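Here is a short briefing to read alongside the structure. Have a look at the chains first, and then we can walk through the contacts together.

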Amino acid sequence: MEEFVNYALYFIACVCVCVPLFGLGLAPGIIVNLEIAAILGSFYSQIVEKGLIKTLIKDKGDSPLIRPMVPALENVQSTIDSIENGTFGKKEEKESQEEHEHHIIPISVYAGVLGILILGTIITVGVAQIDFGPWNTVIAMLVATIKASFVLLYFMHLKYDNAMNRVIFGSGFFFLLILFSFSIIDIITRVKPLLGFTKF
Amino acid sequence: MAHTETHSHDYLNHQKGLWSWLTTIDHKRIGIMYLIVILFFFLIGGIFALLIRMELFSAGPTLGIDPGTYNRLMTFHGAIMVFMVIVPGIPSIFGNFLIPIMLGAKDVAFPRLNLFSWYVFMLGAIIAFASLLFGGADTGWTFYTPYSIRQPNGVIFLVLGAFTMGMASILTGLNFIVTVHKLRAPGQTMSRIPLFVWSTYATAIIQVLATPVLGITLLLLVAEKTLGVGIFDPTIGGDPVLFQHFFWFYSHPAVYIMVLPAMGIISELIATYSRKTVFGYTAIAYSSLAIGAVSFIVWGHHMFVSGQSEFAGIMFSVITMLVGVPTAIKLFNWIATMYMGSIKLDAPMLFAIGFMFLFTIGGLTGVWLATLGMDVHFHDTYFVVAHFHYVMVGGTLMAFTGGLFYWFPKMFGRVCNDGTARISWVLIFTGFNVTFFPQFILGAMGMPRRYFDYLPQYESLNQISTVGSWLIGAGFLVALFAVIHGLLRGEKASNNPWGGTTLEWLATSPPHHENFEKTPIVSVGPYEYR
Amino acid sequence: MNTASKESHFHHAHHFESAAHQYSSAKQGVWLFMVTEILMFGGLFVAYLIYKSLYAPVFHVGSSYLDVKMGTINTFILITSSFTMALGIYFNQKNERSKAIIFLAITILCALGFMLVKFFEYSHKIHLGLVPGKYFNNPEFVQKVVDFATNMQATSSAHQDIDIAALKKIAPLYFGFYFVMTGLHGFHVIIGACLILWVTIKTAKGHFGPEYYTPVEGVGLFWHIVDLIWIYLFPLLYLVG
C-alpha cells in the first residue's frame with residue numbers, strides 16, 4: 001500500500017510540474033492523458049480500499065446482469081489482491097520477502113561489476129580527450145550514471161531489494177531535478193543581467 | 001544507570017532518576033523531554049516577541065534600544081520560533097509520543113536514534129544561542145545574502161545551529177517513515193491509521209527530502225563567510241538570488257512541516273469532539289501527501305521581487321494556486337465531520353475551531369500573496385507578517401495547545417482544569433486577532449516589515465497590535481498555569497476521558513512503558529463511532 | 001540463515017517481530033539517510049552546473065588545472081574499495097570471519113590511500129595559491145581565463161558579449177567549488193573509514209554472522225554512496241571542460 005502511496009505522490013508532483021510547464025499550449029495531450037491516468041489511479045485505489053468488487057459480487061452476484069461477469073470480476077479481484085500483498089507475478093509462494101532480502105550475491109557477480117566499473121572509468125577518461133562541445137557534460141554524466149547504476153543495483157543490492165528502497169532512492173534524484181530545473185529556468189529567463197552574468 | 005525499579009509499569013514511574021531520563025530510549029519519555037525544552041524555547045522566543053512589540057508601540061525609540069539590537073531581537077525571535085519551536089514542535093513531541101501507540105507498536109523503529117536526535121537538537125540550540133556571545137545576528141532568520149556575508153561572526157553560529165537542528169529534524173523524520181511503514185499492528189493497513197499519523201508521515205517525507213538542501217545551503221553560506229568563495233557574493237560575480245532559491249527550496253516545504261502535523265491534530269480533535277467518523281478519510285489522507293508534494297515546487301513565491309525572472313515568477317505564482325486545493329479539501333471535510341455530530345465544546349475543541357477559523361484567514365491571505373501582482377505591493381510589508389502569523393500561531397500553535405490539553409491525560413495520567421484551559425483560549429484567540437489583524441491593514445497601508453521604526457501614520461494600529469500581544473502572552477501563561485496545576489493537582493484520568501476511538505485511548509493513562517500489555521489487533525478504521 | 005555463529009549474542013529488539021523484520025526496517029532507514037546525502041551533495045552539483053553554464057571559461061580553464069591522473073587513480077581506488085566492501089559483507093554473510101576482516105581492512109586502506117592522494121592534490125594547489133575566494137593568489141590562472149574568453153569572443157559571433165572583467169573577478173570561484181565539493185566528499189571518506197573500522201572491530205569480536213550483519217551492510221551502503229558521489233564528482237570536475 002505504501003508503495004502505491006509513494007508512486008501516487010510522485011505522480012501528483014509530475015502533474016503539478018507538467019501543467020504549468022506544458023500547459024502553455026505545448027502539450028495539452030500529455031496533460032489530458034496524465035489527468036485520465038490520475039483519475040484511473042484514484043478509482044483503482046477506491047476499488048482496492050473499499051473492496052468494491054467484493055461487495056458487488058457478494059450483494060449483486062445473483063442478479064442476471066452481474067452473474068455472467070462474476071468469474072471475470074473474481075479474476076480482477078484476485079489480481080488486485082496479489083498486487084496488494086506483493087505476490088503478483090511470483091510463481092513460487094514459498095519465496096518470502098525476507099528471504100529475498102537476504103539474497104547473497106555471488107563473488108563472481110561482484111567481480112564482474114568491478115570489471116565494468118574499471119572499464120567505464122577508462123572509457124570516461126578516454127572519451128574526455130575528445131571535445132564534443134556542449135555534449136561533453138551530457139556524455140560524461142551518462143557514463144557516470146551507468147557506472148552508478150551498477151554500483152546501486154549490485155554492490156548496494158537494489159536489484160534484489162524490495163521496491164520501496166528503489167522508490168526511496170529514486171525520489172532523491174527526482175527532487176534534485178526539481179531544484180535544478182526550476183533554478184535554471186529562472187536564470188536562463190532573466191533579462192540580460194548586469195555585472196557578472198554573461199550569457200554564452 | 002542509577003534507577004530503581006518500582007511496582008508501577010507506566011512509563012513515568014518505570015524507572016526513576018534524572019539519568020534514567022537522559023539515557024532513555026522510550027519514545028514517550030523522549031517526547032516529554034522535547035516538550036520541556038521546546039516550551040522553554042517558546043518562552044524565550046515569546047519574550048523576544050513581546051520586546052519587539054513593545055519597541056513598536058510608538059513611533060521613534062520606545063525601549064531605548066538601538067536599531068541593531070532590534071534587528072537582533074527580530075532575527076532571534078524568528079530563528080528560535082522557526083527552528084526550535086514550530087518545526088520540531090508537533091512532530092517531535094506529539095509525533096514521538098503518539099505515533100507508536102496509535103500504530104499499536106512498542107516503540108519507534110530506531111529508539112536509540114530517537115534519543116540521539118534529541119541530543120543533536122539540544123546541541124544545535126546551544127550553538128545557536130552561542131551566537132549571542134559573538135555579536136548575534138541581525139540578518140533576519142532567512143540569512144539573505146549579501147548582507148549575511150558582510151555581517152560579523154555571530155551569523156556563523158546561528159547558521160551552524162540551524163544546520164545541526166536540521167540534522168535532528170532529518171533523523172526524526174527518517175524514524176517516523178520507517179515506523180509507519182514497518183511497525184503497524186496486525187490488521188492495521190495504511191487506510192486504518194489515524195489521520196494524525198498520515199499527516200506526520202507526510203511531514204516526515206518532507207523533512208527527509210527538503211532539509212538536506214538547507215544543510216548544504218547553510219554550509220555554503222559558512223564557506224562564503226569564512227573563505228570568501230564567491231558563490232553568493234555579487235561583488236565578485238556570485239548570484240545572491242541563487243542563495244534564495246536554495247534556501248527557499250527547504251524553507252517553503254518547511255512551513256508545511258510546521259502546519260501538516262497541526263492539521264493532523266485537528267482531524268483527531270474534530271473527530272473526537274463531534275463523536276463522528278471523519279468525513280472523507282481518504283481525501284484528507286491523500287491531501288496531506290498532495291500538500292507535501294506541491295510544497296516542493298512553489299518556493300519562488302517568496303522571491304517575486306528578489307530579481308528572479310518574470311517568467312519564473314509567473315510559473316511559481318500559478319503553481320502556488322494549486323496548494324490551496326488540498327488544504328481546502330481538509331477544511332471542508334472537517335466541517336462536514338462536524339455537521340450532524342454531537343459536538344462538545346471542551347477546550348481542545350475550542351482550539352480546533354479556532355484553528356479552522358484562523359488558518360482559513362491565513363491561508364486565503366496566502367493566496368493573495370501568491371498572486372504575483374499583489375505581492376509586488378505586499379512583499380516585505382506587515383501583510384506578510386500577519387499572513388504567516390495567522391497560519392503559524394493561529395494555525396500550528398492553536399493546534400499544539402489544543403493537542404496538549406487533549407492528550408494531557410494520556411501523557412500524564414491527570415486531567416487539566418477545563419475551565420482554565422478555556423480561559424486561556426479566550427485570551428489567546430482574542431489577543432491573537434487583536435495583535436495580527438491590524439497588521440494586515442498596516443501592510444496594505446505600506447508599513448515595511450523588519451523595521452525598527454515607522455512613520456507616524458502607522459502608530460495607532462501598532463499600539464492596538466502591541467496590546468494584543470500582551471493578551472496572547474497572558475493567554476499562554478494561563479495555559480501554562482493550567483498545565484502545571486494539572487500536573488500537580490489534577491484529578492486522575494481514566495484511560496479514555498474524551499471518548500476517543502484511536503488506539504492510544506486503549507492504553508492506560510499514562511501508558512505502560514511498552515505501550516500495551518498485549519499488542520492490539522486492528523480490524524476496523526480509526527474513527528468508528530457507533 | 002540457520003547457522004548462528006557461536007559468539008553471536010544477537011536477538012532482535014523487542015519492538016520488532018523478528019530478526020528479518022528488524023533487518024528490513026534497518027535497511028530502509030539507511031536508504032532514507034542515503035537520500036539525504038544525495039540531496040545534500042546534489043545541491044552542490046546543482047550550484048556547480050548553474051555556474052558552469054554562466055561562466056564557462058572559468059570552469060574550462062579551472063578543470064585543466066586539476067590533475068586527471070590523480071583523479072583517475074582515486075577513482076580506481078574507490079571503485080576497488082567498493083568491491084572489497086561488498087566482499088566484506090559477503091564474507092560476513094557466509095560466516096567466514098577472517099576473510100571478512102581482511103577485505104574490510106583493505107577497504108580502510110583504500111580510504112586512506114584516497115585521502116593520501118587527495119593530500120598531495122590539495123597541498124600542490126595550496127602551494128600554487130589556487131585556493132578559494134579571498135586567499136586566492138594565482139594571476140596566471142586568471143590570465144588563462146581571460147585568454148580563453150578573448151579567444152572565444154574572437155572566434156565566435158555568438159560570444160560577443162562576454163564580460164571579461166567579470167570573469168577576472170569570479171575566477172577563484174572554481175577553486176571554491178573544487179575545495180568545498182572534494183572537501184565535503186573527503187570528510188565523508190574519513191567518516192566512512194571510521195565506520196568501517198568500527199564494523200571491522202565488531203567482526204573481529206564475533207558480533208556478526210549470517211543471522212546478523214546489519215551494521216556491516218549499513219556501513220557498506222554508506223561507503224557505496226561515497227563512491228557513487230565520487231563517480232559523479234570526478235568527471236564533472238576533472239574531465240568536462
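How many residues of chain A are in contact with how many residues of chain C? In this predicted model, 42 residues of chain A are in contact with 46 residues of chain C.

**Chain A against chain C**

- On the chain A side, α5 (97-101), α6 (107-128), α7 (135-155) and α8 (163-188) each supply at least two of the residues that touch chain C.
- The largest share of that side comes from α8(A), with 14 residues.
- By class, the side of chain A that touches chain C holds 27 nonpolar, 11 polar and 4 charged residues.

**Chain B against chain C**

- Here 29 residues from chain B take part in the contact, together with 27 residues from chain C.
- Two or more residues of the chain B side come from each of α6 (154-182), α7 (195-227) and α8 of chain B.
- With 9 residues, α7(B) gives the most to the side of chain B that touches chain C.
- That side of chain B divides into 20 nonpolar, 6 polar and 3 charged residues.

**The largest nonpolar core**

- The largest nonpolar core has 293 residues.
- Those with the most contacts inside this core are Val159(B), Ile177(B) and Ile266(B), along with Val35(C) and Val58(C).
- Helix α8 of chain B, residues 240-274, gives the most to this core, with 23 residues.
- Val35(C) is worth a visit in your viewer: leaving aside its neighbours within four places in sequence, Val35(C) is in contact with Ile168(A), Phe169(A), Ser171(A) and Gly172(A), and also with Val208(B) and Leu209(B).

**Helices α3 and α8 of chain C**

- The axes of α3(C) (residues 68-93) and α8(C) (residues 214-239) come within 10 Å and cross at roughly 165°.
- Because of that angle, α3(C) is roughly antiparallel to α8(C).
- The crossing in which α3(C) passes α8(C) is left-handed.
- The residues of this contact comprise 12 nonpolar, 7 polar and 2 charged.
- On the α3(C) side, the residues that meet α8(C) include Val68(C), Gly71(C), Leu78(C), Ile79(C), Met85(C) and Ile89(C).
- On the α8(C) side, the residues that meet α3(C) include Val216(C), Gly220(C), Trp223(C), Asp227(C), Trp230(C) and Phe234(C).

**Helices α8 and α9 of chain B**

- In chain B, the axes of α8(B) and α9(B) (residues 281-295) come within 9 Å and cross at roughly 170°.
- Their crossing angle is why α8(B) counts as roughly antiparallel to α9(B).
- From α8(B), the residues His252(B), Pro253(B), Tyr256(B), Leu260(B) and Ser267(B) meet α9(B).
- Their partners in α9(B) are Ile284(B), Ser288(B), Ile291(B), Gly292(B) and Ser295(B).
- This contact of α8(B) with α9(B) has 5 nonpolar, 5 polar and no charged residues.

**Chain A by itself**

- Chain A has 8 helices and 0 strands, and its pattern along the sequence reads α-α-α-α-α-α-α-α.
- Of the 200 residues in chain A, 20% are buried.
- Among the contacts in chain A between residues at least 6 apart in sequence, 46% join residues at least 24 apart.

Terms used:
Residues numbered from 1 in each chain as written. Chains lettered and ligands numbered in written order. Predicted model: local features only at pLDDT ≥ 70, side-chain atom pairs only at ≥ 80, totals over all residues. Axes fitted to C-alpha atoms, helices over the stretch in contact; angles between N-to-C directions. Helix = DSSP H or I, 4+ residues; strand = E, 2+ residues; numbered from the N terminus. Parallel < 35°, antiparallel > 145°, perpendicular 65-115°, else oblique. Left-handed = near helix turned anticlockwise from the far one by under 90°. Contact = placed C-beta atoms within 7 Å. Nonpolar A, V, L, I, M, F, W, Y, C, P; charged D, E, K, R; others polar. Core = buried A, V, L, I, M, F, W, Y, C linked by C-beta atoms within 7 Å. Buried ≥ 20, exposed ≤ 12 C-beta atoms within 10 Å, placed from the backbone.
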